Amino acid sequence: MNRRPLSLLVLGLALACGCAGPGKLAERSEEKLAGGEMWRAWTLATRALDKAPGNARARAAAASAAAAIAEDWQRRIRGLAEMDSVAAAEQVLEFAAFRAGAVRYTTVAVPPGWAAEERALRGSAARIHYRRGVADLESKRPKRAYLHLAEVQRFVADYRDAARLADRAYQKALTRVAFVPLRAAAGGAALGREVAASWCGDVTERLAPTHARFTRILPVEEVERQLSVSELGRVSRDEALRAGRRVGADRVVWGTIGDVDSKTSFQLFSDAVARRIVEKGADGRETVRWVEVPIEVIARVRTVTADLEYEVVATRGGATLARRRDPCTMSARVVWTTFVPEGSCESYVLVSDPTRASDPERAKQVETRWKAVVGEGTTLAQVLEAKRSSRTASHDRREVLGRLMAGAAFVLLEELPSKEELAYAALARSWKSVHHGLVPVADLRKRKSVHQDLLRLDEVDDVDLGLAAVESERR
């Protein structure tokens with residue numbers, strides 16, 4: 001089957017629909033409404049009015065579609081109210097938002113007495129949430145109380161003293177977290193301090209109020225001021241708790257960094273690669289010729305593994321709320337070559353087209369050796385471009401580590417980052433779970449890391465963590 005004409009037909013129909021005039025859109029809206037597709041009818045009618053606000057037929061189509069939607073919505077709300085008045089009130093808010101948004105196209109009429117029904121349902125939902133909020137405050141659950149009291153104000157803005165109680169609950173619900181320098185193995189005192197500071201900065205940036213409503217990270221400088229110079233990097237668990245209490249923290253993040261293991265390997269790629277040269281003759285025709293060019297690429301790989309254990313600890317009572325123990329690993333691949341490319345880097349390939357066609361086994365062998373040296377997915381053109389750029393780029397160690405932590409396949413350097421630098425990079429990025437792309441907050445809470453532990457704990461009240469005695473002591 002020839003799919004191209006079909007795809008062109010579908011595209012043509014889509015364009016025709018998108019380019020339809022107001023009159024045609026209004027007509028289609030009427031047809032959709034007659035077929036029971038009221039929301040599709042509303043969309044078509046409003047699109048027509050966006051193009052021609054004065055079109056009478058489109059305005060009538062919008063009014064008819066809106067009336068059908070309103071009638072259906074009222075019926076659903078009344079049916080839902082018999083089973084769940086709070087859910088019915090949620091629909092009341094959505095219905096009201098629809099009517100407000102529809103004003104630019106039409107007035108959505110409601111029957112006499114509907115406003116009273118809406119007020120009653122909203123008042124019922126507010127009353128239910130208010131009772132739950134007050135009960136949660138009395139049971140020392142300020143986080144849950146705040147969530148209920150905030151809901152009260154969504155349904156009825158000035159309901160009793162809900163706003164005052166919500167403010168009170170919020171202040172009680174705030175959880176202050178201090179990052180304390182980790183206790184490092186002998187010879188690595190600075191490492192524990194640097195990792196804790198890095199975690200603090202990164203987690204503070206990610207734990208915005210929209211994601212962690214009740215968690216507030218205290219500045220690491222405030223915590224360090226509570227410790228002597230000799231304690232930094234050698235902080236015990238008890239010292240961490242004392243420092244946390246001094247700065248008003250409810251929880252501290254503290255841990256230990258164990259032994260750091262480092263392994264280094266060396267690889268060499270030495271072969272002739274091919275350069276594609278395009279030449280134009282006197283008659284204007286282009287010819288392609290391939291030139292073999294000898295090249296040596298040296299790669300060194302260092303892999304560092306550091307043992308890490310951390311806890312999220314309640315400062316009063318010393319209960320461990322979360323714990324993680326696993327190795328943190330970081331690899332760095334540095335590549336070097338003395339070869340300087342001429343012309344476009346894209347014109348260089350490992351194997352020329354003629355060789356690939358005549359000797360595919362050799363092509364496969366060359367590509368396998370190349371990958372073993374520079375890593376999977378790294379092309380010759382990328383290495384040559386990095387070489388060309390390296391003549392003007394500065395090799396700032398922090399910038400290099402940043403690129404490696406971000407997942408760079410390789411960096412063009414003459415020497416590897418040190419064991420200590422890579423250990424820091426491995427530990428510093430362990431505040432989060434490694435993932436690609438955008439991840440929903442609900443999924444983030446399931447992962448294991450400092451960030452995710454704090455997210456999971458954010459909306460859980462102390463009393464539900466088994467810290468009832470702590471709660472009464474604090475409040």
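Trainee: What do the buried residues of α11 pack against?

Mentor: They pack against β4 (251-280) and β5 (286-314), where contact means heavy atoms within 4.5 Å. Helices (H or I, at least four residues) and strands (E, at least two) are DSSP runs, numbered from the N terminus. This is a predicted model, in which local features need pLDDT of at least 70 and side-chain atom pairs count only at pLDDT 80 or more, while totals for chains, interfaces and linings use all residues. Residues are numbered from 1 along each chain as its sequence is written, and side-chain values use heavy atoms, with hydrogens and water left out.

Trainee: Which residues of α11 are buried, and why are they said to line one face of the helix?

Mentor: In α11 (residues 237-246) they are A240, L241, A243 and G244. Seen down the axis of α11, the buried residues fall within an arc of 165°, so they line one face. The arc is that of the directions from the helix axis to the C-beta atoms.

Trainee: What makes E30 and R57 a salt bridge?

Mentor: A salt bridge needs a side-chain nitrogen of Lys or Arg within 4 Å of a carboxyl oxygen of Asp or Glu. For E30 and R57 the N to O distance is 2.7 Å, so the pair meets that definition. E30 lies in helix α2 and R57 in helix α4 (residues 56-81), so the pair ties together parts 27 residues apart in sequence.

Trainee: Why is R324 called buried, and D326 partly exposed?

Mentor: Buried means under 20% relative accessible area, exposed over 50%, and partly exposed in between (1.4 Å probe, protein chains only). R324 has 15%, so R324 is buried. D326 has 25%, so D326 counts as partly exposed.
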